[in-house]
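Please read it with the model open.

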Amino acid sequence: MSVRVPLSSEFVNGDVSFWYRSMGVPAPGPRLDGDLDADVAIVGAGYTGLWTAYYLKRARPSLRVVLLEQEFAGFGASGRNGGWLTGDLAGSHERYGEGARRLQREMYTSIDEVIAVCEKEGIDCDLVKGGVLNVARTPAQVSRLRESVESARPWGIGEEDLRLVNPGDHLRVAGAIEGSWSPHCARIQPAKLAQGLARVVRDLGVPIYERTPVTEIAPHRAVTPYGTVTAGHVIRATEGFTSRLRGLRRQWLPMNSSMIVTEPLPESFWDEVGWRGAELLGDMAHYYMYAQRTADDRIAFGGRGRPYLYGSRVDARGHTHEWTVEALWSLLTEFFPAARSSSVAHAWSGVLGVPRDWCSTVHVDPSTGLGWAGGYTGHGVTTTNLAGRTLRDLVLGEETELTSLPWVGRRVRAWEPEPLRWIGVHAMYRLYRVADERERTMPRTSVLARFADLITGH
Ligand SMILES: Cc1cc2nc3c(=O)[nH]c(=O)nc-3n(C[C@H](O)[C@H](O)[C@H](O)COP(=O)(O)OP(=O)(O)OC[C@H]3O[C@@H](n4cnc5c(N)ncnc54)[C@H](O)[C@@H]3O)c2cc1C
């Protein structure tokens, strides 16, 4: 592909994400300075780590909780994502088995829980619960869209939760044939949520040791170059970076997702496309997209970028390949031809943690004190909140509604060793791209996409 992308004069590639531009990339705070005793040590200060610390301190103010973060709070996906506070579960309901209906309800409830905490704690993160529209732009996508709505019903997702709509009634996407609408989604500015949570957690008395990479996690121990934290519980909240920890290289595949953001668009643009509020927008392509209208009237538009680096390496600062910027811009202007007069202000990328069966897990082993949550596969903005409350109950040894949810304690097999992992993921992406092309003229999902799903367990 070679598309001329109009870059704004202040275009930035990487530097963590656009979301930090208005507030500045935070200067990391103090490092751990010597050995330390704690009740709970949490490794990773993204949403998972921050929510867990928040709920633990609110439940037991006397608990000594510490956060250990390799860079700064909100450096990972939590400071880079598309800002969909979504009610969708990672993976398929079937795989969670019995209890998936309850888990789904908890996901919906968690959106309102995040909203309530933001209000209570004075976290301003441009949050608006405006719902989500998913569009189908080919007949094959229409059949998938209808199937997705129909197959949701047995899981307690009723007409009021998700329904088929005429997409133009919500917003006008070029070529959209049919859409689905759900009220269960809110727009956020991701870095503002991460930074807001970090402030609240610090105010509750939780130190966040930044620039402090954990090199080893063992029962009751988190080892860093600057000292070892000894704790009753050690919680791993490292998501897409987990593969860098010893013994965990094949646990969750670090998959890339990339975004671009336009310069602010004029009122005439929003009138023309009928995008009046903070509705989120997605589609049914295999090489899917996700978008939001930002609080300052830009389109933030994301999708699958360069998928995966050999050996589960992680490209940390978010620099995005030129090809990906071209592909995202090309799709954005295909969706909204009127946006062609705009330009791209920023491009960035981040990593998601993808388990072999694409379903999330949360776990605490009482005998070792080790715990974790993650494998959100791009659905973590809401799920991390549920994870934080569940980890609280598990750490405190309380049996609650949350600790009996079906994602608690799930065991998932590891990914294949290299080069199979690399070959599998790259084949999946290649097949999805070809399948999307073919589906422009096909009534049903391409067999290539079904084959891709089969080899990667998607
Ligand atoms: C571009 C992009 C778009 C996305 N869009 C959406 C969306 O719209 N909606 C949605 O629901 N989800 C989305 N996601 C996924 C979502 O952002 C994540 O699921 C969620 O933020 C995960 O939070 P986390 O705290 O578990 O992980 P992270 O935010 O990645 O945090 C992990 C933290 O651990 C730290 N860390 C890692 N290893 C170590 C170590 N050894 N020692 C110390 N610290 C360590 C990292 O620096 C990082 O700060 C998106 C992700 C990306 C990348």
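**Notes on the predicted model**

1. β11 and strand β12 (residues 227-236) pair in the antiparallel sense, over four bridges. Two strands count as paired if DSSP finds at least two bridges between them. Strands (E, at least two residues) and helices (H or I, at least four) are DSSP runs, numbered from the N terminus. Arg221 has Thr230 as its bridge partner in β12. Two residues link β11 to β12 in a hairpin.

2. Before going on, note the ground rules. This is a predicted model: local features need pLDDT of at least 70, side-chain atom pairs count only at pLDDT 80 or more, and totals for chains, interfaces and linings use all residues. Residues are numbered from 1 along each chain as its sequence is written.

3. Strand β10 (residues 216-218) runs antiparallel to β11, joined by three bridges. Glu216 is bridged to Val223 in β11. β10 and β11 form a hairpin with two residues between them. In that turn His220 has a positive phi of about 65°.

4. Which residues make up the covered face of β11, and which the uncovered one? Ala222 and Thr224 are on the covered face of this strand (residues 221-224). Arg221 and Val223 are on the uncovered face. In a regular strand the side chains alternate between the two faces of the sheet.

5. Now the whole chain. The protein chain has ten helices and 19 strands. Its radius of gyration, taken over C-alpha atoms, is 21 Å, close to the 23 Å of the globule rule for 458 residues, so the chain is as compact as a globular protein of that length. That rule is 2.2 Å times the number of residues to the power 0.38. The C-alpha trace spans about 60 × 50 × 45 Å along its principal axes.

6. Burial comes next. Of the 458 residues, 54% count as buried. A residue is buried if 20 or more other C-beta atoms lie within 10 Å of its own, exposed if 12 or fewer, and partly exposed in between; C-beta atoms are placed from the backbone.

7. Domains and annotation are separate records. The domain assignment, automatic or from a database, gives domain 1 (24-113 + 190-249 + 357-404) and domain 2 (418-458). The centres of domain 1 and domain 2, taken over C-alpha atoms, are 32 Å apart. An unreviewed UniProt entry annotates residues 39-394 as "domain: FAD dependent oxidoreductase". UniProt positions are in the numbering used here, feature names are shortened, and annotations may be inferred rather than shown by experiment. The span 39-394 is 29% helix and 26% strand, and its end C-alpha atoms lie 14 Å apart.

8. How many residues surround the ligand? There are 44, and the closest are Gly44, Gly46, Gly76, Gly350 and Gly380. Near here means that the C-beta atom, placed from the backbone, lies within 6 Å. The elements giving two or more residues to this shell are α1 (47-59), β4 (84-86), β13 (253-262), β17 (344-354) and α8 (380-395). α8 gives the most, with four residues.

9. The shell can also be sorted by class. It has 18 nonpolar, 22 polar and four charged residues. Ala, Val, Leu, Ile, Met, Phe, Trp, Tyr, Cys and Pro count as nonpolar, Asp, Glu, Lys and Arg as charged, and the others, Gly among them, as polar.

10. In α8, 16 of its 16 residues are buried. Just after α8, Gly397 takes a positive phi of about 70°. In β17, eleven of its eleven residues are buried.

11. β17 pairs with two strands described here. Strand β1 (residues 7-13) runs parallel to β17, with three bridges. Leu7 stands opposite Val344 in β17. β13 pairs with β17 in the antiparallel sense over ten bridges. Val261 is bridged to His346 in β17.

12. Finally, two loop residues. Val25 is in the loop between β1 and β2 (36-43). With 18 C-beta neighbours inside 10 Å, Val25 counts as partly exposed.
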